[in-house]
Amino acid sequence: MSETGTFARIKRRGAGMVRKVPGAGIIGNNKYYHYITGVWGNRRLRRRGRKAARVPEPQFEAYDTFSDTSTLVNSSRSSTFGASTATLLEDEWISSTLPPKEEEQIDVRTYVRTFHHTRAHEFGQHCHLHYYQLPFPWRENRYIIHGYRFYDSHIKSLLSVVNWYGWHNETWNIWTHLGGAGYLLYLALYDFPQSEIWKSAAIPLPAKLIVYVFLAAAIKCMCASVFWHTFNGTCCLQLRSRFACVDYTGITVLITASVLTTEFATSYESPWSLCCYLAASSALGAFGVIMNWSPKFDRPEARPLRIKFFILLAALGALSFVQLVARTSWQHGARLIAPVTTKSVVWYLIGVFFYGSFVPERFRSDVVVDSCIPTEFELSTNLEVVTRLRHVHFRERPTEGPGKRKFWSLWWVDYIGSSHSLWHLFVVLGVIGHYNAILEMFSKRWICQDNF
Ligand SMILES: [Zn+2]
């Protein structure tokens with residue numbers, strides 16, 4: 001099948017339409033379950049002379065708790081799990097690819113994006129998924145292959161913080177920022193009130209308060225990140241997109257607050273300039289927060305745009321520094337701002353490098369990673385992605401590479417030491433560095449009287 005366009009005529013039969021008949025068992029397309037013998041049967045396979053009966057394990061009923069009507073397949077039906085699940089899935093899988101009896105029009109974009117969701121949901125009940133078992137919208141980093149959660153319960157997501165259901169590929173991301181939030185709380189509640197900056201009468205109260213604004217923004221950023229990485233394993237796409245916005249908002253607020261503190265130090269002597277910088281940065285930050293909640297921002301393709309936006313915000317802080325240099329001298333400006341560059345910006349830049357380059361996981365050799373993946377346009381228009389190329393994009397297991405499970409094959413990047421984990425680590429270092437830089441700048445300006 002190779003149809004393209006906004007709508008395509010997709011032939012489909014009622015795959016997965018399982019109905020329960022009291023006293024008789026569950027009857028679906030070509031499959032039935034005999035309650036007395038506890039055996040699943042498959043009429044089509046039996047006609048072909050193949051044995052399809054299987055010895056069942058204890059059964060239990062489960063219901064999807066999420067139903068995302070706009071983007072996901074309807075998942076409100078009940079399913080039965082156990083050893084027979086394999087037969088059910090196999091039959092559903094085969095049925096979805098066979099010529100249909102009925103014809104109906106389906107949005108290609110919706111069809112491609114929801115393809116494999118039901119199966120992924122079934123897998124997610126009892127194990128973590130690999131990359132090729134995920135529906136397309138859940139795929140964000142093609143170099144991270146194993147350990148994806150696909151939960152239908154927030155409780156399960158919450159328990160996954162302590163690896164209740166096994167180590168997954170967000171564990172390290174959660175704990176790096178959970179630890180960071182704890183340390184920042186210590187700085188806010190104990191370290192800063194004990195500092196010379198807080199105790200000194202020479203430092204104006206607004207300057208002291210801006211430190212707390214920064215610490216509050218940093219703690220919010222860490223908590224937002226922890227929230228996102230804890231709950232992004234949900235099987236509900238609409239919720240997942242909203243959760244991602246929480247994360248983007250956190251880092252936008254942090255960068256805005258970091259810029260505000262720098263502007264405070266560089267432009268305090270020029271009230272009008274200070275007001276303009278604070279207003280412009282706050283407005284840009286607010287715009288960024290609004291943009292974060294736009295669905296267009298939540299796509300892998302938007303990654304360069306996100307990076308550019310953050311750089312633009314930082315550039316505003318740099319502009320206030322340029323003005324300081326023009327007003328005083330290069331030496332004064334450089335001396336004042338040096339702590340920010342050496343203790344904070346340098347860590348952020350290293351973090352951005354890892355965030356954008358997918359190092360080190362791009363060098364893994366335990367599996368063969370796809371050299372290219374379908375673009376957003378292809379996922380919206382090209383049905384072949386899930387038909388003719390289904391065996392590529394939804395392969396049963398990742399293709400083994402030459403490195404296999406040797407240490408230097410970097411197989412462990414799925415669980416620890418991925419580019420995103422390193423990004424998290426450098427963000428924490430950048431935040432702590434910026435806090436120390438603020439104290440140093442304020443000390444130079446107001447306590448040491450460095451003639452600004
Ligand atoms: Zn993150």
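1. Let's start with His229. Setting aside neighbours within four places in sequence, His229 is in contact with Glu170, Asn173 and Ile174; two residues count as in contact if their C-beta atoms, placed from the backbone, lie within 7 Å. His229 sits in helix α8, residues 205-231. Helices here are DSSP runs of H or I with at least four residues, strands are runs of E with at least two, and both are numbered from the N terminus. His229 is buried because 26 other C-beta atoms lie within 10 Å. A residue is called buried if 20 or more other C-beta atoms lie within 10 Å of its own, exposed if 12 or fewer, and partly exposed in between, with C-beta atoms placed from the backbone. The unreviewed UniProt entry lists His229 under "binding site". UniProt positions follow the numbering used here, feature names are shortened, and annotations may be inferred rather than shown by experiment.

2. A word on the model before going on. It is a predicted model, in which local features need pLDDT of at least 70 and side-chain atom pairs count only at pLDDT 80 or more, while totals for chains, interfaces and linings use all residues. Residues are numbered from 1 along each chain as its sequence is written.

3. Now the chain as a whole. Its secondary structure comes to 15 helices and eight strands. Of the 452 residues, 36% count as buried. Among contacts with a separation of 6 or more, 73% are between residues 24 or more positions apart.

4. The unreviewed UniProt entry also gives "transmembrane region" at residues 172-189, 209-231, 243-265, 271-293, 305-324 and 336-355. Residues 209-231 are 100% helix and 0% strand, with end C-alpha atoms 33 Å apart. Residues 271-293 are 96% helix and 0% strand, and the end C-alpha atoms are 33 Å apart.

5. Helix α6 covers residues 171-194. Its 24 residues reach 34 Å from first C-alpha to last, close to the 34 Å expected at 1.5 Å a residue; the expected span is 1.5 Å times one less than the number of residues. Even so, α6 bends by about 40° at Leu187, the bend being the angle between axes fitted to the seven residues ending there and the seven starting there. The buried residues of α6 include Asn173 and Ile174, both of which are in contact with His229. Also buried in α6 are Trp172, Thr176, His177, Gly180, Ala181 and Leu184. The buried residues of α6 pack against α8 and α15.

6. Helix α12 (residues 330-357) deserves a look. A straight helix of 28 residues would span 40 Å at 1.5 Å a residue, but α12 spans only 34 Å between its end C-alpha atoms. Where does α12 bend? The bend, of about 45°, is at Ile337, and Pro339 follows within four residues. Ile337 and Pro339 are among the buried residues of α12, as are Trp347, Tyr348 and Phe354. Those buried residues pack against α9 (237-267), α11 (303-327) and α15 (419-447).

7. Phe358 has a positive phi of about 60° although it is not a glycine, and it is found in the loop between α12 and α13. Phe358 is partly exposed, with 19 other C-beta atoms within 10 Å. A cis peptide bond joins Val359 and Pro360, with omega about 15°. Pro360 belongs to the loop between α12 and α13 (376-381).

8. Helix α9 has 31 residues and reaches 45 Å from its first C-alpha to its last, close to the 45 Å expected at 1.5 Å a residue. Of those 31 residues, 23 are buried.

9. Helix α10 (residues 271-292) and α11 pack at an angle of about 175°, with their axes 10 Å apart. Axes are lines fitted to C-alpha atoms, for helices over the stretch in contact, and angles run from 0 to 180 degrees between N-to-C directions. The two helices are therefore roughly antiparallel to each other, the word for angles over 145 degrees. The contact is made by residues including Ser273, Tyr277 and Gly288 of α10 and Phe309, Leu313 and Gln323 of α11.

10. Ala314 and Ile255 are 59 residues apart in sequence and 7.3 Å apart in space, C-alpha to C-alpha. Leaving out residues up to four places away, Ala314 touches Ile255 and Val259.

Note on methods:
Parallel < 35°, antiparallel > 145°, perpendicular 65-115°, else oblique.
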